[in-house]
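Subject: Handing over the structure

Hi there,

Here is the structure I promised to pass on to you. Have a look at it first, and then read on for my notes.

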Amino acid sequence: MKRILVSWPVMLLAVIVASCGKDKSAEEDVSQYFIKCKIGSVDKTFKYKLLAHKEDVGNGVTNYSFSANATNDANDFEGIGFTIQLSIPVATGTTYKETDPTTDYFLAGIYNPNTQNPDKIFASRYDDGNPFQINFKELTTTTVSGTFSGKLYLLNSTDPNADSAVISNGQFKLKLQ
């Protein structure tokens, strides 16, 4: 009986140590995924609530959606996202711009600077001088990476002089789901 009691704490300790090791490796694996960029002159990293989703929407059209939040705080809404819907095969190394005159794809970006007011959220609005754009560097069945940049405007404003958010040096690497 004494032998079983001694073995039980040792087994429990072994399970705890093994569990901690698994959590750590899972964190390390997740830490390789991110969306980061410069908004104005401020470097931003979005590494929480990461999403990269591919969906076949039918008729040869594929939609890719990407998003992430700046923090894991449920009361902090700062986040960034973009989506591209293509009726052509996606090609790595190709720059896709929101201002493309063809109907081959549709591209849009959005940035929430931590607000619940839709009038303070920024979105792409076909800026000819600095259009929102993405470039896929890697696209596999499990991972997507690339670059993005462009100018976003207040979501509900049609004023050409409205506040804007200029995104530069954007990079992303996400686990595709």
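A salt bridge, as used here, is a side-chain nitrogen of Lys or Arg within 4 Å of a carboxyl oxygen of Asp or Glu. Before the details, please keep in mind that this is a predicted model, in which local features need pLDDT of at least 70 and side-chain atom pairs count only at pLDDT 80 or more, while totals for chains, interfaces and linings use all residues. Residues are numbered from 1 along each chain as its sequence is written, and side-chain values use heavy atoms, with hydrogens and water left out.

Salt bridges

How many salt bridges does a search of the whole structure find? The search finds two. In one of them, the side chains of Lys44 and Glu78 meet at 2.8 Å, N to O. Lys44 lies in strand 2 (residues 42-46) and Glu78 in the loop between strand 4 (61-69) and strand 5, so this pair ties together parts that are 34 residues apart in sequence. Strands here are DSSP runs (E, at least two residues), numbered from the N terminus. Glu78 counts as buried at 11% relative accessibility, whereas Lys44 is partly exposed at 22%. For these words, buried means under 20% relative accessible area, exposed over 50%, and partly exposed in between (1.4 Å probe, protein chains only).

Lys38 and Asp43 also join their side chains in a salt bridge, at 4.0 Å from N to O. Here Lys38 is partly exposed, at 25%, and Asp43 is exposed, at 62%.

Aromatic rings

You will also come across 15 aromatic pairs, found by a search of the whole structure. Rings of Phe, Tyr and Trp (its six-membered ring) pair if their centres lie within 6.5 Å; planes under 30 degrees apart count as stacked, over 60 as edge-to-face and the rest as tilted. Tyr64 and Phe66 make a stacked pair, 6.4 Å centre to centre with 15° between the planes.

Phe82 and Phe132 form a tilted pair instead, with 5.8 Å between centres and 55° between planes. This pair links distant parts of the chain, with Phe82 in strand 5 (residues 79-86) and Phe132 in the loop between strand 8 (122-124) and strand 9 (133-139), 50 residues apart. Phe82 and Phe132 are both buried. Ring pairs also link residues into a cluster, including Tyr64, Phe66, Phe82 and Phe132.

Strand 7 and its partners

Which strand is largely enclosed by the rest of the structure? That is strand 7 (residues 105-112), because six of its eight residues are buried. Strand 7 pairs with strand 5 in the antiparallel sense over eight bridges, and Phe106 in strand 7 is the bridge partner of Gln85. Two strands count as paired if DSSP finds at least two bridges between them. Strand 7 also pairs with strand 8, again antiparallel, over two bridges; there, Phe122 in strand 8 is the bridge partner of Tyr111.

Strand 8 holds Ser124 too, which is buried with a relative accessible area of 17%. Among the residues that Ser124 touches are Leu107, Ala108, Gly109 and Phe132, leaving aside residues up to four places away in sequence. Contact means heavy atoms within 4.5 Å.

Note on methods:
Helix = DSSP H or I, 4+ residues; strand = E, 2+ residues; numbered from the N terminus.
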